[in-house]
Structures are given as C-alpha cells and as structure tokens.
Amino acid sequence: MRGLVKLTARAVSFIPCRQCGGGRPPAPLGGRILSNPDDVFKHNMWDHVQWTEEEREKARQKAEENSEEKIPVEEQSKYDREAHKYWDQFYEMHQNKFFRNRNWLFTEFPELLPPDTGGMLMAEQEQGLQSVNREKHNYKDTYPGHHAAFRILEVGCGAGNSVFPIINTIRGSKAFLYCCDFSSRAIELIQKHPDYDPAVCHAFVRDICDATSPFPFPPESLDIILVVFVLSAIHPARAQAVVRGLAGLLKQGGMVLFRDYGRYDLSQLRFKKGQCLSENFYSRQDGTCVYFFTKDEVHDLFSAAGLEELQNLEDRRLQQMATRHDAVSRVCAPIS
C-alpha cells in the first residue's frame, strides 16, 4: 500500500424554513448537533442527522421513481464524449461566480496545512528519491514546484474555489500547489485571477481519465491529493482507473482527501424522470453529469487502488427548506 485516504460523502435533507428574529449564534462546522427537536430553527443547518428507516425508504423510493425513465442508450455516450464541452460552457456562463470559496477546507481537512517544522530536512531527504524518479520517468531536472518540501494537487479544480484559499494559506511556506481541470476555460479563469501566483501554484489543463497524458511532475512526488466533488462528474465505469492513476502520484505516506455527493442527497431526489443515465448517475439540464456514492462504494474504490483507509464518513445534514447527503473520505499511503 502506498498512501492513505480520508473520505466524506455528503447527504442533505430539507425542512420548511420559518422566519427567525435576530442573528443566529455561530457554530463550528460539524458541531451543530440537534439533540432537542424544539431547537431545529436555531440554525439553518444541522450536522450528523440520523435518518429513520421510514425517511430512508422514502428517499430510496424517490430515487427509484426518477430513475425509471432513462436517457436513450444511443444518446448516452455524448455526455461522456463531450463532457469537456459542457463544462467549458458552464464556466463560460458562470465564470467564477457559481460556487463559493471553500474556506471550510482546513477545518474538514487540516492535512492540507503544510508542516510547520522539518521542511528543510524533508527536502534534503527527498532530493535523492526525486532525482531517481525524474531520471526513471524522463523528467527535467527542474519542473514547477521541484523546490517544494510539501506538494498538493487538486484535481478538477474548476474556477479555483479551493485553489485560492489554499494559495493564500501556503504562501510564504515551503509548500506548492498544482491544480488541474479538463476545462480549458476553468484554467484560464484561474490563471487570470489576481491571487494566482506561479511561485506557489501551477494550473494546467488535464483530463484525469486520460492515462496517456503526462503530469508536469514525477510520479510518487505528492504529499496530498484533493478530490472534492470530482469523481461524481465522471462516468462510474471510469472511476476506478482514475483513482488508481492518482494513487501512483503519491509519495509513500501521502494522502488523498475526498469529498463528494452521497446517495439520496437532496440534489439526487430532485431529478426529474428522463435525466437518469444509469443507476444513481444523472445528467443535469446543462449536460454535466453527477453520480451519488455510498460509503461502501467509496471504500472499495480507494482500497482497490492500494490505499489504506484512514477515515470514511457519511455526513447527513438537515437544512431548512432542503435535504442533502455528502460523502467524505481520507485515504493515505502507509509510510514504508
């Protein structure tokens, strides 16, 4: 086994909202536990909500109902073949305004923070190994981030909603961030952003389903790979090969940080008939696709890639006027 994985699947459900006077008291992410049903309107969202069997069955039935009528088989291939076009159109339309910056990242995944000490020692210890890897894989003596003691890759970075919180946190440290997306428009938006800094970040176009396209750094050179709401956008049949490829980029002891849509998330239950491609896999109106994971599926994906599961959570949240379900995971490689 090479690395570790930390996994989270998200599911959200809704309740009707009512007007609440005054401000709501702040609560830390993950710490809003509803112990008294009478307090339900004190926050607009509650964490780690347990579903009853009746609620789970209703969600299952709703997903089954909206999956009955599928997109014709002869039309399905275009959603995979032309995925980059749909995402280019998405970013052309929304620019970087659609998603909020993920400032919660460091609470959810503190592993993203570079080590405070030992950076120089780490760099010296890695110098020999990195030299071997560069020679073995025909990489140049210098490549973006070759000087860094701590390297992060975000795949499916979009317009930079994770990128810029990370850049602003690691600037001045010995860390370096790589970020890639197969939408050239998304990468263009990142590179034109005033906070983009080539000294600490390298953004590039890359389809992670294409195993023949090289990365701008050697294999076995990354400390962290961030995979947030990315695998769900890929056809389920391709997901295992993608995860295996990413695992090969980790150093011994490196870690994958994963968060994505969980089964019976509100967004799954809201799909209409005729938008389903296959079981739990849907096409949105704009042509982009989404898959909804179970905790066991996430475990199997990363374990089959040789990663050791450090944490695998299913985070159910109760949200006023909505219901939602997420999957979160940490996957790491053991230190040899």
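Visitor: How many bridges join strand 9 to strand 10?
Guide: Keep in mind that this is a predicted model. Strand 9 covers residues 281-283 and runs antiparallel to strand 10. One of the pairings sets Ser-283 against Cys-289 in strand 10. The number of bridges joining these two strands is 3.

Visitor: Is strand 6 mostly buried or exposed?
Guide: Strand 6 spans residues 222-228. Strand 3 (residues 150-155) runs parallel to strand 6 and is joined to it by 3 bridges, with Leu-153 opposite Ile-225. Strand 6 also pairs with strand 7 (residues 250-261) in the parallel sense, over 6 bridges.

Visitor: Which helix makes a β-α-β unit with strand 6 and strand 7?
Guide: The two strands pair in the parallel sense, and Leu-222 has Leu-250 in strand 7 as its bridge partner. The unit is right-handed, and its helix covers residues 236-247. That helix is helix 8.

Visitor: Why do the buried residues of helix 8 line one face?
Guide: The buried residues are Ala-239, Val-242, Val-243, Leu-246 and Ala-247. An α-helix has 3.6 residues a turn, so residues three or four places apart point the same way. The face turned away from the buried side of helix 8 carries the exposed residues Ala-237 and Ala-241. Seen down the axis of helix 8, the buried residues line one face because they fall within an arc of 130°.

Visitor: How far apart are the end C-alpha atoms of helix 8?
Guide: Helix 8 has 12 residues, and at 1.5 Å a residue it should span 16 Å. The distance in the model agrees with that expectation. The end C-alpha atoms are 18 Å apart.

Visitor: Which element gives the largest share of the largest nonpolar core?
Guide: This core holds 40 residues, and among those that touch the most other members are Leu-153, Ile-225 and Phe-302. The elements giving two or more residues to the core include strand 3, strand 6 and helix 10 (295-303). The largest share is 5 residues, and it comes from helix 8.

Note on methods. Residues are numbered from 1 along each chain as its sequence is written. This is a predicted model: local features need pLDDT of at least 70, side-chain atom pairs count only at pLDDT 80 or more; totals for chains, interfaces and linings use all residues. Side-chain values use heavy atoms; hydrogens and water are left out. Two strands pair if DSSP finds at least two bridges between them. Helices (H or I, at least four residues) and strands (E, at least two) are DSSP runs, numbered from the N terminus. Buried means under 20% relative accessible area, exposed over 50%, partly exposed in between (1.4 Å probe, protein chains only). A crossover is right-handed if, with the strands pointing away from the viewer, the path from the first strand over the helix to the second runs clockwise. A nonpolar core is a set of buried Ala, Val, Leu, Ile, Met, Phe, Trp, Tyr and Cys residues joined through side-chain atoms within 4.5 Å. The expected span of a helix is 1.5 Å times one less than its number of residues. The arc is that of the directions from the helix axis to the C-beta atoms.
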